[in-house]
Amino acid sequence: MNFTALQGSVELGIIYGFMALGVFVSFRILNLPDLTVDGSFTLGASCSAVMTLAGHPFLGLLAGVVSGALAGLVTAFLQTKLKIQPILSGILTMTGLYSINLRVMQNRGNLSLLNIPTIFTPFGKSDFAARFAKLLFPLALIAFVIVLMTLFFKTQLGMSIRATGDNEDMVRSSSINSDFTKAVGLAMGNAIVGLSGALIVQYQQFCDISMGIGMVVIAMASLIIGEVIFGTSNMPRHITAVVIGSVIYRIIIALVLRVNISPSDLKLISSVIVAAALSYPVLKEHMAAKKLRKGLSGNAKIN
Amino acid sequence: MKTIIKKVLALVLSAMLAITFLVGCSSSANTTTANKKIKIGIVQIVEHPSLNTIRESFLTELTALGYTNDKVEIDYQNAQGDQATLNSITQKFVSDKSDLIVAIATPSAQSAAAATNNIPVLFSAVTDPIAANLMADLTKPDKNVTGTSDAIPVQQVFELASKLTPNVKKYGFIYCTSEVSAVSVINDAKKYCDKNNIPYTEVTITNASELQQAAQSLVGQCDAFYTTIDNVVASAMPVLADVAKKAKMPVYVGADSMVADGGLATVGIEYSGLGKQTAAMAKKILSGTAISDIPVETLNNFGIFINEDTATALGITIPKDIKEAAQLLKNK
């Protein structure tokens, strides 16, 4: 793999890293499976695309964040007030968002941003500048988000949200409104997912109604790969691990594209990679048990 | 202990990465040793009969034009519907310094156009290149992008329909809202109908499972169905054909494959022809013609396709002149 391809993978990894961070908030912090992501990703993307077409690419990012947060609030409302199961709430929001996304995109399944100024345009016109803008700007932004998240999860509210995921009953008995903490968490998660969509659409210069399909799986894969490789010992490390996981996932995809395999096998290989990463805890336990047994039998022999 | 396991696992994973890395390198090393083959990257958004036909006929024709395996190196990648992978694929082609990128269908073309300003991008099966922002003028491409469009002749379909089923007063359009090409053709059809005072109604679907009910909702509201080069409708065409058959209504469609699946008739695209035309354009680009001198082409010849079984079931006698010009198909 040469430098250009590596850089491209890192860029994509960072931008999809936002999405993984969003899923991290719902899946790891709140311990809720949130399937809103497939919809809120496209929602952020379509809002960003429309704003960019209107000449406001930076407001497009903001629109992505705000719209994503609203989508998260809808899911939270379904979950907490209407008592609909978490998975189903996410699916309902995601499904409803399909129509909304089409409305946002003025009933066109595909919007093109080719030759339209984006957030990457002000960084210069030369190939070199354009290349590095696409790397450095998202990098700076994600560093900012990582710092912000780390600080937020240390505040009273942030702690309450973490506690909600750990033990909801305890949180309720400490007279914290767990409906509120869930709503804040889901809104926050989907806001970051929306930002991811808003960035990618300006990066790839087109927005497509079906771009969100299967994003949850990719986000979870990135999350788990990152956790396995980089560790989860403390909050800043855990958050950074998620982003690194996303970058590694993209590098793996780029490498798989290089190996001479049939393109139709790509999905299977992605699945195998994800399954391998997901099965890590089981493998770990198995290995630990084996070691323990070995140790015991070893001792027995000595005795 | 925990840290040891982690370290071992990290080692194994990095070894895996390194191995794939090396394999990747070695395969690219092979390409540099062979004496300067022309590199063509083909990117396709999804596995789909029409798109596959385009790719296969493109490759056959390219060989026939003299670009045989010893002269060109084809790198075919399919994103399997995943747009994130699509970006990785086009980035790979750019980093491999491909001589030509062939992009099949709209998202592929957009991704390739965004990935490079220098490498020529030759698209196929893009219905509306201007709406996709690939160029401002079809006759004079202003960037590194040109190709073949699968825009279909709306007018001819309605003219055929007026001859085959003169009693049809009102058409019912069925299409999937996320199918860019379909929406574009349906808009053309609406314009045509408005201009010629043909009444129409429409129903939209978001996935194939909704087709049956959508089609049934149109029964009684119109006299004939019209659908177009719509991948979603095409994938569930037998459902639509069945509803239409029970309601004794003709279905006019966008592609020959949909006629074979039970639609009544179309004036449509032969995708193999489109692939051939794309190959001819590839030859022009590879022999040094400037992209701006290669206008976008649509299909030169449209074929009339009629399903005999459907016609019989509806009690339609095909006029003799049409019968001679058309390709008659039977149910698959």
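The model is predicted, with local features needing pLDDT of at least 70 and side-chain atom pairs counting only at pLDDT 80 or more, while totals for chains, interfaces and linings use all residues. Residues are numbered from 1 along each chain as its sequence is written, chains are lettered from A and ligands numbered from 1 in the order in which they are written, and side-chain values use heavy atoms, leaving out hydrogens and water.

A pair of aromatic rings is described by the distance of the centres and the angle of the planes. Rings of Phe, Tyr and Trp (its six-membered ring) pair if their centres lie within 6.5 Å; planes under 30 degrees apart count as stacked, over 60 as edge-to-face and the rest as tilted. By this rule, there are 12 aromatic pairs over all chains. In one of them, the ring centres of A:Phe152 and A:Phe153 are 5.4 Å apart and the planes stand at 65 degrees, so this pair is edge-to-face. With buried meaning under 20% relative accessible area, exposed over 50% and partly exposed in between (1.4 Å probe, protein chains only), A:Phe152 is partly exposed at 21%, whereas A:Phe153 is buried at 0%.

In chain B, B:Phe173 and B:Tyr200 are stacked, at 5.1 Å centre to centre and 10 degrees between the planes. This pair links distant parts of the chain, since B:Phe173 sits in strand β6 (residues 171-176) and B:Tyr200 in strand β7 (residues 200-205), 27 residues apart. Strands (E, at least two residues) and helices (H or I, at least four) are DSSP runs, numbered from the N terminus. B:Phe173 is buried at 0%, and B:Tyr200 is partly exposed at 24%. Both belong to a cluster linked by ring pairs, together with B:Phe158, B:Tyr171, B:Tyr192 and B:Tyr226.

Charges also meet rings in chain A: A:Arg250 lies over the face of A:Tyr16, 4.6 Å from the ring centre, and A:Lys134 over that of A:Phe120, at 5.9 Å. Here NZ of Lys or CZ of Arg must be within 6 Å of the ring centre and within 35 degrees of the ring normal.

A:Thr150, in helix α5 (residues 127-152) of chain A, is buried at 10% relative accessibility.

Finally, the axes of helices α1 (residues 3-29) and α9 (residues 215-230) of chain A come within 8 Å and cross at roughly 85 degrees. Axes are lines fitted to C-alpha atoms, for helices over the stretch in contact, with angles from 0 to 180 degrees between N-to-C directions. The two helices are therefore roughly perpendicular (65 to 115 degrees; under 35 is roughly parallel, over 145 roughly antiparallel and the rest oblique).
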